[in-house]
Amino acid sequence: MRTILLFIISFYLCAISGTAQEKTAGPIIFDFGKVFTIDNPEFKTDTSLVFKVVFDVMQTSDKNENLNISIETAARFLNMHAQAGVPPKNLHVAIVVHNLATKDIISHETYQKKFGINNPSGELINALLAVGGQVIVCGQSINSRGFKKEELLPGVQVSLSAMTALLQLQNDDYKLIKF
């Protein structure tokens, strides 16, 4: 009983002192990519740098109705760094999609035919493209998964392979982030 009481008091004190934080989205992508604000971190973010990152996305949810959280990581990256003071012009994001995640970049119409619902990652992909993000899909993967180029969301680029896209982006000073 005493442990429970201490937990409740600690939770209440955090809530009234303002240390309990809510996640917020924006200022780059408002419907996705909510993040926590980190006040006074010891490892400071160098807001003068140009951040060029490529996310290697090959996994997806087992449930077709779920958003691909690995793709949402790109929105979180943009929002958290903009919230920390990095100018949006210094944030460059690319996503290379392959393997099982290939289904997450097909059009709503194709997703509807295959899974009976709109693509839950479709609006996220559109939001990333709208702010200048690159979404690149492995040509080998779309063929092995039975998708055609015409079935992709508008703006998604097809590469020879994920390996090719990852190598070329890294040669262009993009830093690889893989979870």
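Me: Why is strand β1 (residues 51-57) said to be largely enclosed by the rest of the structure?

Reply: This is a predicted model, in which local features need pLDDT of at least 70 and side-chain atom pairs count only at pLDDT 80 or more, while totals for chains, interfaces and linings use all residues. Residues are numbered from 1 along each chain as its sequence is written, and side-chain values use heavy atoms, with hydrogens and water left out. A residue is called buried under 20% relative accessible area, exposed over 50% and partly exposed in between, with a 1.4 Å probe and protein chains only. Six of the seven residues of β1 are buried, so the strand is largely enclosed.

Me: What makes β1 and strand β2 (residues 91-97) a pair?

Reply: Two strands pair if DSSP finds at least two bridges between them, and strands themselves are DSSP runs of E with at least two residues, just as helices are runs of H or I with at least four, numbered from the N terminus. β1 and β2 have seven bridges in the parallel sense, with Val 54 standing opposite Ala 94 in β2. Four bridges join β2 to strand β3 (residues 134-138), also in parallel, and there Ile 95 has Val 135 of β3 as its bridge partner.

Me: Why is one side of β4 (157-159) and of β5 (175-177) left without a neighbour in the sheet?

Reply: The open sheet has five strands in the order β4-β3-β2-β1-β5, with parallel pairing. β4 and β5 stand at the edges, each with a single partner strand, so one side of each has no neighbour in the sheet. From one strand to the next, the twist averages 30 degrees.

Me: Why is helix α2 called oblique to helix α4?

Reply: Axes are lines fitted to C-alpha atoms, for helices over the stretch in contact, and angles run from 0 to 180 degrees between N-to-C directions. Angles under 35 degrees count as roughly parallel, over 145 as roughly antiparallel, 65 to 115 as roughly perpendicular and the rest as oblique. α2 (residues 69-83) and α4 (residues 122-130) pack at about 40 degrees, with their axes 10 Å apart, and that makes α2 oblique to α4.

Me: Which residues make the contact of α2 with α4, and how do they divide?

Reply: Contact means heavy atoms within 4.5 Å. Ile 71, Glu 72, Ala 74, Ala 75 and Leu 78 of α2 meet Leu 124, Ile 125 and Leu 128 of α4. Ala, Val, Leu, Ile, Met, Phe, Trp, Tyr, Cys and Pro count as nonpolar, Asp, Glu, Lys and Arg as charged, and the others, Gly among them, as polar; the residues of this contact accordingly divide into seven nonpolar, no polar and one charged.

Me: What covers the buried residues of α4?

Reply: The buried residues of α4 are Gly 122, Leu 124, Ile 125, Ala 127 and Leu 128, and their cover includes α2, β2, α3 (108-115) and β3.

Me: Why does Lys 103 count as buried?

Reply: Lys 103, in the loop between β2 and α3, is buried because its relative accessible area is 9%. Leaving aside neighbours within four places in sequence, Lys 103 is in contact with residues including Asn 64, Tyr 111, Phe 115 and Phe 147.

Me: What makes Val 35 a buried residue?

Reply: Val 35 is found in the loop between α1 (2-17) and β1, and its 6% relative accessibility is why Val 35 counts as buried. The C-alpha atoms of Val 35 and His 81 are separated by 9.8 Å, although the two residues are 46 apart along the chain.
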